Amino acid sequence: MKCFVTGASGFVGSNLMHELLARGHCVKALLRPGADERGLAGLRFERVPGDVLDQSLLARELAGCDWCFHVAASYHLWLRDYSSMYAVNVRGTRNVLEAAGNAGCRRIVYTSTVGCIGRPANRNGEIAPATESDIAREDELSGDYKRSKFQAEAVATELFQKGLPVVIVNPSAPVGPGDVKPTPTGQIIVDFLNRRLPAYIDTGLNWVHVRDVAAGHILAAENGLPGQRYILGHQQGNWTMQQTLATLEKITGFPAPKVKLPYWVALGVAEISEGIAIFTGKTPQATLAGVRMAKHKMWFNPGRAVRELRLPQTPPEQAFRDAVDWFRTNGYVTK
């Protein structure tokens with residue numbers, strides 16, 4: 001297939017590029033000028049310089065493509081001005097999906113986030129992982145990133161209802177090789193390796209190998225039902241942060257932090273950090289959006305993707321081993 005990929009230099013996007021090319025597909029990648037292309041080293045594909053706000057470029061470059069993967073997003077938990085985030089995440093999504101539809105793409109895969117899925121329910125003291133049928137309420141959208149992605153997913157649904165073959169995928173918390181930036185979840189591993197993680201918040205995430213997420217995008221193009229959402233996660237990946245750190249201790253031999261930070265203390269630290277950031281312009285070490293997200297265990301059930309897409313289920317511990325090896329090999333560990 002001839003594929004068009006946005007966000008190709010990002011963590012999920014670069015792993016998707018590797019998977020597509022390994023499977024023999026022909027790929028065009030939209031790359032912003034100055035994008036960090038380390039995750040694409042050694043790959044042979046057609047580069048398209050530009051961004052998702054350029055409608056004429058999108059219309060021209062998507063012509064003749066069979067599949068479109070819209071992975072690009074502005075992912076920040078703090079900005080002085082969020083208008084650029086909404087422009088990229090909401091208007092950019094409309095631009096890409098409409099251009100793909102006009103170009104006659106057979107499948108358009110939109111990369112959303114589990115942040116658009118409703119919170120897991122607490123039933124008799126036990127957490128029931130959320131599924132695709134759970135819709136996030138307004139009060140669950142903790143921060144502008146989640147709000148912008150929620151609005152973008154609404155655009156994807158609207159365009160499906162107008163006849164576009166849009167399939168929505170909602171990755172949980174990917175880990176593994178190629179996290180160049182690194183992402184906020186990858187930063188947890190980097191901080192652990194550099195002994196810069198003195199305490200933790202009692203939260204929970206659904207961990208999944210990034211290569212499984214990349215494969216899930218391709219499987220969504222091959223087998224996904226248009227208009228459907230698919231959680232790209234791991235059925236055994238719902239871990240508390242304590243379990244996560246214990247796994248890192250097992251892999252590395254470094255002791256996991258024992259101090260569990262109370263939520264109100266973490267919130268106070270984030271408020272101070274953001275206050276300082278307003279004056280310095282530098283990204284705060286702790287963000288209010290991040291702490292508010294951590295208040296709830298974000299556990300999910302990817303059963304539909306496993307059943308309908310045959311989503312791979314690489315053990316989460318292997319994902320962490322691969323991530324640790326990659327960060328060590330690529331110079332992220334200074335201690």
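**Briefing: sheet, cores and helix packing**

Beyond its neighbours within four places in sequence, Phe45 is in contact with Met17, Leu21, Val27, Ala29, Leu31 and Leu40. The model is predicted. Seven strands form an open, parallel sheet, and the largest nonpolar core has 33 residues.

**Nonpolar cores**

- Phe45 is one of the residues of the largest nonpolar core that touch the most other members, along with Val5, Leu16, Met17, Leu20 and Phe69.
- Two or more residues of this core come from each of S1, helix H1 (11-22), S2, S4, S8, helix H6 (210-223), S12 and helix H10 (303-309).
- H6 gives the most to this core, with seven residues.
- Another core, of 25 residues, lies apart from this one, and Val48, Leu58, Ile108 and Leu159 are among its members.
- In soluble globular proteins, nonpolar side chains tend to be buried together.

**The sheet**

- The strand order is S3-S2-S1-S4-S5-S8-S12, with parallel pairing.
- Strand S3 (46-49) and strand S12 (229-232) are at the edges and have a single partner strand each, so one side of each is left without a neighbour in the sheet.
- From one strand to the next, the twist averages 20 degrees.
- Helix H3 (residues 83-102) lies across strand S1 (2-6), strand S4 (67-70), strand S5 (107-111) and strand S8 (166-171), and runs at about 175 degrees to S4.

**Strand S8**

- S8 is mostly covered, with six of its six residues buried.
- Val166, Ile168 and Asn170 point one way from S8, while Val167, Val169 and Pro171 point the other way.
- In a regular strand the side chains alternate between the two faces of the sheet.
- S5 and S8 run parallel and are joined by four bridges; the bridge partner of Tyr110 is Ile168 in S8.
- S8 and S12 also run parallel, joined by four bridges, and Asn170 stands opposite Ile231 in S12.

**Packing of H5 and H11**

- Helix H5 (residues 184-193) packs against helix H11 (residues 316-329) at an angle of about 65 degrees, the axes being 10 Å apart.
- The crossing of these two helices is right-handed.
- From H5, the residues in the contact are Gly186, Ile189, Val190 and Leu193; from H11, they are Phe320, Ala323, Val324, Phe327 and Arg328.
- By class, the H5 contact with H11 has seven nonpolar residues, one polar and one charged.

How values were computed:
Residues numbered from 1 in each chain as written. Predicted model: local features only at pLDDT ≥ 70, side-chain atom pairs only at ≥ 80, totals over all residues. Heavy atoms only, no water. Axes fitted to C-alpha atoms, helices over the stretch in contact; angles between N-to-C directions. Left-handed = near helix turned anticlockwise from the far one by under 90°. Contact = heavy atoms within 4.5 Å. Nonpolar A, V, L, I, M, F, W, Y, C, P; charged D, E, K, R; others polar. Pairing = 2+ DSSP bridges. Core = buried A, V, L, I, M, F, W, Y, C linked by side-chain atoms within 4.5 Å. Buried < 20%, exposed > 50% of the residue type's maximum accessible area, 1.4 Å probe, protein only.
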